[in-house]
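Please look through the sequence and the model shown here before reading on. The paragraphs that follow take up a few local features in turn.

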Amino acid sequence: MRSFDEQIHRIFFRWGLIAHNHRLLLFILPLIFTAIFSFGFYWIKEQTTIDPRFVFSPEDAPWRYELGVLSEHWPTDEQSFWPGKSYDYHGYVDVIVAGKEDAQYGRPNVLQLAYIDEVDRINKFIINNVTIPVEHDGKTYDIGFTDLCMSYEWKCYLNDHITMLMPKKRWGNFEGQIAEFASDIIEREVKITYPIGWRGSEPIYFGALVGKPHLTDEEGHFDYAKAIRLTYNVRDEKVGNISYLWRKKLAKYLTDKENPPSEILEFGMFHNESLPEGLQDVANTLGPRFALTSLILFFFCVGSSIVLINHSGFMGIDWVRTFSKVFKGLFCPLLAIASAFGSILWTGALYNAIVNVSPFIVICIGIDDMFIMVAAWHRTNPQLSVSRRLAETMAEAAVAITITSLTDMLTFGIGCLTTLPGVRLFCMYTFWGIFFTYAYQLTYFTAMMAYAGEMEDKGKHSLFIGHAMHPDEADTGFKQIFLTGSVSRTFDLKAKFRGPKVHFQTERLPEKTDAEDEQKPSWRSKFSGVMAKLETKMDKNDEDLASHHEQETFVNKLFREIYGPYLLAPATKIGVLAVYLVYISFAILGCVQVQEGLNPKTLVRRSFYLSDFYQLIDETFWEEGLQMQVVVNNPPDLFDPEQRARFANMMSQFENTPYTMNHNATMIWINAFETKLQSDFSDFNISLPTTTNQTNRFIPFDSAGNSVHDTIKNTQIDRF
C-alpha cells in the first residue's frame, strides 16, 4: 500500500511520460485557448466600471440605503435646483480657492481685497468665458455655463457669496436716500457669520463656503479665511455629454501649470469624474511598470539560466543547457494573464483599474514555478532519456507548485466571497490568473521542456539550433565562448553517473494464470492500462542509471557547508530567537494601531490635479464645516409639545457629539419657517398655524429650496 505522498509523486511521474509523448498537443492547446479567451477583451470597454463608490464600498453599506431614501424623497429637478438639496446629482464641480502658500507665513487671508477681487474675476471668467463649441444644424455655437447650469426659477447659482464676503460698500452702487435705505437693509437683514449667516429669514451655511476662518466674537463674525469654495452645477440629463465636455474644459483651465489662471491663487478642483480619472491615471502608469518588471525578470531569468562548462581550466557557457527552457517559461504567465482576463470578461464580469495589479502577482508566481521546474530538471541525471528526465522533474517539482498554487488559489478564492466589489474583482482576476498559470505550467511549459530536452539530448545549440561543439574541438576563444556545449548523451555515458536502480520503474505485470484470466480486471488496472498507452515507453538504457546525478552546485555547497552549520550554532540560535522576538513585538504593535478607513488622497498620484483639491480640503473643510444630512423616518407632529420636545432632544444629541459644531451649525427648515411665521405675524398680523393643514397658506419653499408643505405633510420622512 503506497502512501499518499508516493501516490502523488507517481501520478506526476506518469504525467511527465504522457506530456512527453503528447508534447505537440500540449503545446498547441494552451495557445488555442488563449486566442479564444482573448476575444473577451472586446467587451472590456463596456464592462469597465469607474465608479469609486461601487469599487471601494461594500454592497451592503448603510449609505446605499440612505442615499436611496434621500434620492427618492428629494429627487433632482434641473429647473428647481438648490445647491445641497440633491443627492443623486453628478454634474457638479467643486472648486476650492486659496492664496498661494508662503514658506514662512503660510496661506494669506483670502478675504483681503486683492485676493477676493481675484476670486471674483476667476468666477466671472468661468461663467462668461469658459465655453465649448457645439455644432447644430450646420452651425457652431459656443456653449457656456449659463447655457448648461442647473436653475431655480430660471436663475443660475453664480456663487453670490463672493460678493457677500466683500466689503459691504461694494455690494451695490447706490446714492442718496436709496443708499441709506440699502445700507439700512444690509445692516438689519444681512449677517455674515460662521457657520451660519442670514439674509433676512434665509440662513446661509458659510461652513461649506468659507474654509478655516478666524472668529472675532461669539456671534461668529470672522476676519480671516484660508479658502473659499465655489460650485458650478450643470445639467446632467439631456445635455450630459456637453456638460461633461464643459467640466473637462474647466478642469483644463484651472489646472494648467504652464499658463496658470492666477498668479496669486491656487485651485483645487473636483467633479464627478475626477476620482475615476485619477484611478485610471494610476492604472496607466502600471503598463510601463509592468513592461519594466517583465524586462527585469527577463534579464534575471537569463542570468540565472546560464550553465557553465569547464574547457580545460577555462570556464565558459554551456550553450546546450543554457537558455533552453527559461525563455519558454517567460511566456507561460503572460498566456495565463491573457486567458484569465479574457475568460472573465467573456462571462460579463466587470473590470476596474484596480485589477491591473493582478498581473504582477501572476507573473511572479509563474516565474517562481518555472524556476522550481527548471531546477528540478537540472538535478536529474543528464544521461537519462528525455522522457525519463521529464518524468523525474514532474515527480519532484509538480508537487511543490501544486501545493503553492492551490494555497494561493484558496486565498484569493476566499477573497472572492467578500462584499467589497473592489477586493472581489481583484481576487477573482488573480484567482483565475493563478489557475491558468498552474494549468499552463503542467501543459504548455511541460511540453516546451520536452522540446528543449530533446535539443539538449541531441547536443544542439540553444540559440543557433545546430549542434554545439565539444569543448575539446574549440580551438579559438570565440568558439569556446559562443559555440561549445555539452555533447549528446549517446556519446558521453560515463561511469560516474551510474548508481542504484531508478526510483520509478515501469511496472511489469506478472504473467496471468488460468484462474486470473477468468477474473474481471479492476477499474484501476483498466485505467492504468489506458494511461500506459498514452505514455512514452521507458528507455532500456535508463534501467541502470541513477535518477539524479551527484554533482553539487555552488548554491548547494554554500547552504550545506556554510549557512547550515552557521544556523545550528548555539549563539546563532539565540540571536535568531532574539531578532524574532523583536520582530514579532513590532508586528503586534503595528497591528493594534491599524485604523480602518480609506483616504482618497492615497488613491491618486501627487502629480494629478485632484491631489491639489485633497490637500486644500484637508487643510480647511475636512477639519470643520462639512455637513451631515440626517433623515428621520416617521417624523413627529411638531404641533404636539411632547413630540416636539422629544424631537428637540434627539437633535441635541446629534449636535453635542465630539464630531459636531453644536446647535449654531444646525440647518433645519423649521427654524427658518418659524422665523418667517413670526415675521408675518408681527408685520402683517397673520395668525400662526395650529395644525399641519393650516401651513398650506404660508411660504411654499424654505431656505434650502425644499417644499415646506410637502415636508411637513409627508408622514413618512423628514430631514435636517
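A residue is called buried when its relative accessible area is under 20%, exposed when that area is over 50%, and partly exposed in between, as found with a 1.4 Å probe on protein chains only. The model is predicted, and local features need pLDDT of at least 70, side-chain atom pairs count only at pLDDT 80 or more, while totals for chains, interfaces and linings use all residues. Residues are numbered from 1 along each chain as its sequence is written, and side-chain values use heavy atoms, with hydrogens and water left out.

If a disulfide is taken as a pair of cysteine sulfur atoms within 2.5 Å, the count comes to one disulfide, formed by Cys149 and Cys156 with their sulfur atoms 1.7 Å apart. Cys149 counts as buried because its relative accessibility is 5%, whereas Cys156, at 22%, counts as partly exposed. Cys427 is buried at 8% relative accessibility, and its sulfur lies 5.5 Å from the closest cysteine sulfur, in Cys416, which is too far for a bond.

Elements are named here from DSSP runs, numbered from the N terminus, with helices (H or I) of at least four residues and strands (E) of at least two. Asn159 lies in the loop between strand S5 (155-156) and helix H7 (161-164); its phi is near 60 degrees, a positive value in a residue other than glycine, and at 2% relative accessibility Asn159 counts as buried. Asn662, in the loop between helix H21 (641-655) and helix H22 (669-684), also has a positive phi, of about 65 degrees, but is partly exposed at 42% relative accessibility. Most residues other than glycine have a negative phi, and most peptide bonds are trans.

A cis peptide bond, with omega about 5 degrees, joins Tyr194 and Pro195, and Pro195 lies in the loop between strand S6 (190-191) and strand S7 (196-199). These strands belong to an open sheet of three strands in the order S6-S7-S8, with antiparallel pairing, where S6 and strand S8 (202-205) are the edge strands, each pairing on one side only. Two strands are said to pair if DSSP finds at least two bridges between them; S7 and S8 pair over four bridges, and Ile196 has Tyr205 in S8 as its bridge partner.

Finally, an unreviewed UniProt entry lists several spans as "transmembrane region", including residues 24-44 and 330-351; such annotations may be inferred rather than shown by experiment. Residues 24-44 are 67% helix and 0% strand, with end C-alpha atoms 32 Å apart, and residues 330-351 are 77% helix and 0% strand, with end C-alpha atoms 25 Å apart.
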